[in-house]
Amino acid sequence: MNGETEGSLRLYVLIAATLSSFLTPFMSSSINVALPVIALQFRIDAILQTWIPTAFLLAAAIFAVPFGRLSEIYGMKRIFIYGNIIFTLASLLSALSPSAVALIIFRAIQGVGSAMIFVTGLAILTRVFPPMERGKAIGINTAAVYIGLSLGPVLGGFLTRFLGWQSIFLVTIPLTLLVLAVTVFRIRGEWADAAGERFDVPGSITYCIFLFLLMYGFSALPDMIGAIMILMSVVAFLVFLRMELASGSPVFNVRLFKNLRFAFSSLAALINYSATFAVSLLLSYHLQYIKGLDPGSSGLILVTQPVVMALVAPLAGRASDRFNPQTLAGLGMAIISVALISLSLLGRGTPVAMIILSLLILGLGFGLFSSPNTNAIMGSVERRDYGIASATVSSMRLIGQAFSIGIVTLIFAFLIGRVPISPANYELLIKSTRICFLIFGVLCFIGIFAAIARRNDAHEKDKGS
């Protein structure tokens, strides 16, 4: 492959992966702003309301690892294309949902498509860019995630206000069609390093059962059924672990976690997303319910955090090609912890300017953390493991996001109960929000040590070179 052709391939892969990376965070952040309006239309309580984002995250997390392995066997480009098709159809069906239950189901289907997109997009990007340029490419890709988060609250708020919440789903369709066109007509070749190997169906089913029991059980707490499901998930995980260690072609190569760089960076990502994803949801509730702002005004305030992320992430990604990415990630995690603890003091009289300042600090920390940490994960494995490493990145993000919503659901269930949010329980909403932010701040403080933990020197050399 000559230099011009190789350069064109990298450009089109970067375009397709970056555009697709914009979709999920845009959808997540815009729907968070629209949740009060959706809840009012369908007349649902606060607990069922949280299932609209949770269904998406649960499905995406469950299917990330199986599709990561399938992409290694049948081709990353093929799975990427199918994922965009499913995401597009699910977006249309979500917009046409006649009830909250239907919307939750279609959001789950959308999550399946998202899993297929994310595990392959990052893997292809890592595959076509050389190690000395990988951090920069990941930084641009990560910036797209944050731009999606930036535009989500603003566009979501105004779309909900003037065109209805259904329009949030409809505006994503032209973008997925563009991604499909670029992928089909401009990206030549295929990547299937495990072509011909057997797909581990029993392992995949066991993994899906384990993750479903864990995440659904966590969201069902404090009810007894939640505790039972979590215990069952532990059993399912032990069965899965034994199966994978004995398999010659595992769906997830659990031996990768012997690589301490891979293991600790993955743990740091899980902690980070567990502590940060629900921030926009909590602040959206606070700004609309407590401050009385409309969705559009709330979105303009919430845009502060992801705008800073989008500015910092490419610079941090480029810096991670030259400096120790774990040090950058640890610094970012420390900054995030400070911002979250400051938000735990939120009250009725808290000025909006203080909320914006906390969001600025949070955006700086997240921008410093994400790109270097992802570069550390992807740079610690062999080429043939890019698919499953990418799936791990997606899984840690999605499981963390679901845990973040789960923590909010758990605190709300304890303090507010299964009732609609109304002026009668606004004080309980404020108390719940404070507790959530305090928990998130403590989590990120613990995450600092995972981000900066010493790795075994044998894996400090980039495996993709």
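Me: Which residues line the second largest cavity?
Reply: Val13, Ala16, Ala17, Lys77, Phe80, Gly121, Ile124, Thr183, Ile187 and Trp191 do. A cavity here is a set of points on a 1 Å grid over the protein atoms alone where a 1.4 Å probe fits but cannot get out, and lining residues have an atom within 4 Å of a point. This is a predicted model, so local features need pLDDT of at least 70 and side-chain atom pairs count only at pLDDT 80 or more, while totals for chains, interfaces and linings use all residues. Residues are numbered from 1 along each chain as its sequence is written, and side-chain values use heavy atoms, with hydrogens and water left out.

Me: Which elements give two or more residues to that lining?
Reply: α1 (3–42), α3 (76–95) and α4 (100–128). Helices are DSSP runs of H or I, at least four residues, numbered from the N terminus. α1 gives the most, with 3 residues.

Me: And how does the lining split by class?
Reply: 7 nonpolar, 2 polar and 1 charged. Ala, Val, Leu, Ile, Met, Phe, Trp, Tyr, Cys and Pro count as nonpolar, Asp, Glu, Lys and Arg as charged, and the others, Gly among them, as polar.

Me: How much space is in there?
Reply: About 60 Å³. A volume is the space filled by probe spheres set on the points, which are joined across faces, edges and corners.

Me: How many cavities of 30 Å³ or more are there?
Reply: The count is 5.

Me: Switching to α10. What length should that helix span, and what does the model give?
Reply: Its 17 residues (260–276) should span 24 Å, and the end C-alpha atoms are 24 Å apart, so the two agree. The expected span is 1.5 Å times one less than the number of residues.

Me: Enclosed or open?
Reply: Largely enclosed by the rest of the structure, because 14 of the 17 residues of α10 are buried. Buried means under 20% relative accessible area, exposed over 50%, partly exposed in between (1.4 Å probe, protein chains only).

Me: What happens at the start of α10?
Reply: A side-chain oxygen of Asn259 comes to within 3.1 Å of the backbone nitrogen of Arg261.

Me: Last one, Gln288. Buried or exposed?
Reply: Gln288 counts as buried, at 13% relative accessibility. Gln288 is in helix α11 (residues 279–290).

Me: What does Gln288 touch, beyond its neighbours within four places in sequence?
Reply: Val33, Pro36, Leu293, Asp294, Pro295 and Ser298, where contact means heavy atoms within 4.5 Å.

Note on methods. On a 1 Å grid over the protein atoms alone, a cavity is a set of points where a 1.4 Å probe fits but cannot get out, and a pocket is an open set with protein on both sides within 12 Å along at least five of seven lines; lining residues have an atom within 4 Å of a point. A polar contact is a pair of N or O atoms within 3.5 Å; within protein, one must be able to donate a hydrogen and the other to accept it, and residues adjacent in sequence count only if both atoms are side-chain atoms.
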